[in-house]
Amino acid sequence: MPHWAMRSWPAHMLRLYVGVMCVWLLTPIVIVVILAFSGDGYLRFPPTSLSLQWFDRFFGDPQWRRALLSSLIIGGIACIVSTTIGFFAAYAFLRTEFRGKKLLLSLMLTPVVVPSIITAIAMYYFAGKLGLIGNLLWLGFCHAVIAMPIVLLILLSALHAVDPNLERAALGLGASRVRVFWRIVLPIVLPIVLPGVLSAALFAFLASFDELLISLFLAGVRAQTLPVRIWNSLNLQVEPTIAAVSAFLIAITTLILAAEAILRPRLGQWRGRA
Amino acid sequence: MAITVATPGAVSRATSSAPRDRTLLLMLPSLAMLILLFLVPLALFFVRTFTEFDGTTAEFIEQTRDLLLSQAYLSALGTTNWISLIVTVTVLLIGYPIAYYLTTAAGFGVNVVVLSIVLPYFTSIIVRTFSWMVLLGEHGLVNDLLMATGLANAPLSLMYNRLGVLIGMSYVLLPYMVLTLYAAMRSIDPSLLRASAGLGASGFYTFRRVYFPLSLPGVLSGALIVYILSIGFFITPALMGGQHDIMTAMLIDRALEIAVDWPSAALMSATLLLVTLALYAVYYRITDIRRLIGAR
């Protein structure tokens, strides 16, 4: 910490301000979790009593359970597909040099910036033509496209830390590029960057698990995910069960962030060199 | 999110010797997926809805002009830009001190702030919007507090109007701003600040004349990414907005859901997409693209 920064009253003001903002940022999350344990018959804060009734309702209802299952299957497909394919792409990006490389990367990141309503409608149009509305596998692949940018960015940074000398040595000894990939990269490099790969996989799953618009358009009636059912409930009649479902989604997010934090070897990395 | 990428140039140049490198083939699966599941659907959506238009070209042009000059579209355009602008400025003003704090502080405080940014960032937008709907409702926590403290006599309308949209969107987009600003601020060389202090400048002077100018590129890219995401926003304004807060994305959705009017939806999508891509091109010029979504 630069000593000039944290001594005077502006520094105290800054700390106070940041503290208030943290409360503001966390309040909505905390409120939802508290509401989920409400013992009341409708959503009100603060609840007058506590109970697990809404979780009972959530896990007891076959429709909600089915939505949960759809979410898990789609998230699983998106996670495996985007992480596998993304690993190949990130490796190729780092180990080759070609014109328009930065442009290609920016193209592969466009799913982040294209408004999701447009992506959703276009994918809906396409899936409709192919008769794939409501197909879990297809939806999983569509989510993989959305998860790809984050997977790529995480893996690019993870792979960057790997010393290329090992591969260079193998190449120098006459191994082909393909052989280097199968005999050096997969058995030796992959384990080194495994934390990065796992973290990419976790975030890919999360990206799919939380995605609403594409699922909303592509799910039909058969493949409704948890966010889709929350959306429907918010638009028609707010049932208190969605507080429990929301709390469940928050719990998954928290678990994944915690797992990611444990995976990351050095704790201070978020702050880098500062 | 912790992602550290350094310049890959030197390393990759050292290992890639063959001009036609088969390693590049590894990129094929992801490219194929991007093309087949993203670019082709987008292209088809635009091309097919226009080619399926039954009528003469003159009629098509006339309809296009009518739509783009229609009251509904122009007003949505105005609303979209106005909301996006306010959200961008709000989020910048709120986020700048937070990012600044993150780069200068250490220890427990930083971890709390990082958690407060990252947990909402990765929580589903629908969940975050739902919680704000609970908070801002007529009998929500905010109104209860305002009335209990005597700041308001009757419940205020905090939702289903412009204010609700602004609060909800600012909340959702703040993490993008903080993470972008933080990435840029972290690359400011602290020795410059020490030099300024050593030469007798006050803390505020150093901030105003050294730190702030150096952080401006980050401000620009943060503002750009938040604006880009704002103009395409759908979920939060659809749930928290009122009748006068129709944004472009909602109009596109309505054209499909209510009127099943594919050409109109495609046309409005095309204009929105063009603006988005133009801004993304500017972003691409001024920022390291690997910093997108707060990476690095």
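In chain A, take the contacts between residues at least 6 apart in sequence: 76% of them join residues at least 24 apart. Contact here means that the C-beta atoms of two residues, placed from the backbone, lie within 7 Å. For chain B, the share for that kind of contact is 77%.

Quick housekeeping. This is a predicted model, where local features need pLDDT of at least 70 and side-chain atom pairs count only at pLDDT 80 or more, while totals for chains, interfaces and linings use all residues. Residues are numbered from 1 along each chain as its sequence is written, and chains are lettered from A and ligands numbered from 1 in the order in which they are written.

So what are the chains built from? Chain A has 13 helices and zero strands, and chain B also has 13 helices and zero strands. Those are DSSP runs numbered from the N terminus, with helices being H or I of at least four residues and strands being E of at least two. Along its principal axes, the C-alpha trace of chain A spans about 70 × 65 × 30 Å, and that of chain B about 75 × 75 × 30 Å.

How much is buried? In chain A it's 48% of the 274 residues, and in chain B it's 46% of the 296 residues. A residue is buried if 20 or more other C-beta atoms lie within 10 Å of its own, exposed if 12 or fewer, and partly exposed in between, with C-beta atoms placed from the backbone.

Now look at where the chains meet. Chain B puts in 87 residues and chain A puts in 89. On chain B's side, α2(B) gives the most, with 11 residues. By class, that side of chain B has 62 nonpolar, 17 polar and eight charged residues. Nonpolar covers Ala, Val, Leu, Ile, Met, Phe, Trp, Tyr, Cys and Pro; charged is Asp, Glu, Lys and Arg; the others, Gly among them, are polar.

Let's zoom in on that. Helix α3 of chain A, residues 62-95, packs with helix α2 of chain B, residues 28-51, at an angle of about 120 degrees, their axes 7 Å apart. Axes are lines fitted to C-alpha atoms, for helices over the stretch in contact, and angles run from 0 to 180 degrees between N-to-C directions. Therefore α3(A) and α2(B) are oblique to each other; under 35 degrees counts as roughly parallel, over 145 as roughly antiparallel, 65 to 115 as roughly perpendicular, and the rest as oblique. Which residues touch? A:Ile85, A:Gly86, A:Phe88 and A:Ala89 meet B:Pro29, B:Ser30 and B:Met33.

Inside chain B, the axes of α4(B), residues 71-104, and α8(B), residues 162-186, come within 7 Å and cross at roughly 45 degrees. That makes α4(B) oblique to α8(B). Their contact has 21 nonpolar, four polar and one charged residues.

Next, find α6(B), residues 125-136. How many of its residues are buried? All 12 of its 12, including B:Arg128 and B:Trp132.

Last stop: B:Asn143, in helix α7 of chain B. B:Asn143 is buried, with 20 other C-beta atoms within 10 Å. Not counting residues up to four places away in sequence, B:Asn143 touches B:Glu138, B:Pro155, B:Leu156 and B:Leu158.

Methods: The expected span of a helix is 1.5 Å times one less than its number of residues.
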